Amino acid sequence: MDDSRRYVVIGGGLAGLAAAVWLAEAGKQVTILERRPRLGGRTQAMRVAEVADTPDNGQHVVASGYRSLFRYLESVGTREYVEFPGRGSLRWPGGRAVLLHTTGFRAVRTLLGAHPEAGPLDRLRALRATARLGRQALFQPADLADITTEQWFERVGMPAKAREALWDWLALGIAAEPVQRESAKVFADVLATGIRIGMQDRVGVTIGYPTVDLDTLYITGAERVFEKYGVDVRFRTVARKIVVTDGLVTGVQLVDGSVIPADAVICAVPNSRIHGLLDDLPEHAEIYAAADKLGVTPIVSTNLYLDRPLRTKSAMEALIGGTGVIDEVFDRQRMHRRTPDGAWLYCLTTSGAYEQIHKSNDEIVAEQLALIRRYYPEAAEAQVVHAQVVKMPKATFSQVLGTAGLRPAQRTSIPNLMLAGDWTRTDWSATMESAAQSAERAVEGLLAYAAAGDQR
């Protein structure tokens, strides 16, 4: 092993953190370049002085099939902080709620008839349509990339009640796009990945959540690893271009004109920030075009502190028919065993928030509070103690119709230059797992290149 090689990771989001951690564990000399004054990228906790609390900039769920993400959590020592309760809730206006089971035999019933008004015929139709979905996800029709997820649901005959209670909400959660816009192939690919992992592990993929804030889960453990291995983290450092000389990366040029020497680089920035960095890469025009076409999807998250509890049925609740105002409500008292002390925290998320992102914070809070009162009778007289709106206009890349197949691979034509980030090609959509898996593949590529060089 040649420890003198200099590995530079551009970007301190989850993909960059994972790449740096695994390179450091492999004994490499690593430098991280982060343009902001802190690590974490789009994944971070925030301090709310008004209520002496530490919420997150958005609530993240975790699937049990996230193997690369769990490897990262093992590396940074925080795997124990993810919990899989085996259930969530579906909630309708007026307060009617149905438990959404994600494990065991009861999960089958959820797939076939979670809607409280679903009758035997609805369940039979849902069974047939679900079987078709699974079969077509594994053995995909040639035109799946040319239709929306909604059109795919219609093609397989998914009943309206099953769509309302489960499938439309599930598709939105996977790709952060409504089914009318989402590419059917994107959803099919993720569904196929889940099926394959479930078959390999002989247990269905289930959904869980962190029991600690996102800084504790993703960042502080990585910082301990960096301290242990001497990783050089440079904040407020903006890369302009990756320098390629005679077909190999030789350094990273910064905006101030200086150059950081590098024997290998992992570029782990979002697609919205890739332009200019790869100008020396022969295929840069193709990657830039893909990055532009993938675009961005906005997400709005609100940390809503109320003066009384909503009496949720579970830690995660999906609002059915929320009209794009709120997709999910997360009860942080249940998730983090939080003591309210006069302020109950509920994390509200809106995926594909194309309209909401342009509204003022006050408008968003008023709109969301009105919706909460429709779904939770306990909220009729609730008052807002404090509200924190987090607008993320570039929360992730878009997965609308026409974007399937655009995501670039981690390996480039320059053998010591790799890409990483959730927008690069992985087995998952825009998730924490996609970021971690991309980093894993990028690191594997660089380590293989280094090993081949040692043998030459």
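Modeller: Two strands pair if DSSP finds at least two bridges between them. This is a predicted model: local features need pLDDT of at least 70, side-chain atom pairs count only at pLDDT 80 or more, and totals for chains, interfaces and linings use all residues. Residues are numbered from 1 along each chain as its sequence is written, and side-chain values use heavy atoms, without hydrogens and water.

Colleague: How many helices and strands does the protein chain have?

Modeller: Both are DSSP runs, numbered from the N terminus: helices are H or I of at least four residues, strands E of at least two. For the protein chain the tally is 12 helices and 18 strands.

Colleague: Why is the protein chain called as compact as a globular protein of that length?

Modeller: The globule rule is 2.2 Å times the number of residues to the power 0.38, and the radius of gyration is taken over C-alpha atoms. For 456 residues the rule gives 23 Å, so the chain counts as that compact because its own radius is close to this, at 22 Å.

Colleague: What share of the 456 residues is buried?

Modeller: Buried means under 20% relative accessible area, exposed over 50%, partly exposed in between (1.4 Å probe, protein chains only). By that cut-off, the buried share of the protein chain is 57%.

Colleague: Of contacts with a separation of 6 or more, what share joins residues 24 or more positions apart?

Modeller: A contact means heavy atoms within 4.5 Å. In the protein chain, the share from residues 24 or more positions apart is 69%.

Colleague: Which residues of strand S15 are buried on each side?

Modeller: In a regular strand the side chains alternate between the two faces of the sheet. S15 spans residues 328–331, and both its faces are covered. One side has Glu328 and Phe330; the other has Val329 and Asp331.

Colleague: Which residue in S16 is the bridge partner of Glu328?

Modeller: S15 and S16 (residues 344–351) pair antiparallel over 4 bridges. S14 (residues 316–319) also runs antiparallel to S15, with 3 bridges, and there Met316 partners Phe330. For Glu328, the partner in S16 is Thr349.

Colleague: In the open sheet of 3 strands, which stand at the edges?

Modeller: The order is S3-S7-S4, with antiparallel pairing. Each edge strand has a single partner strand, so one side of each is left without a neighbour in the sheet: these are S3 (62–63) and S4 (82–83).
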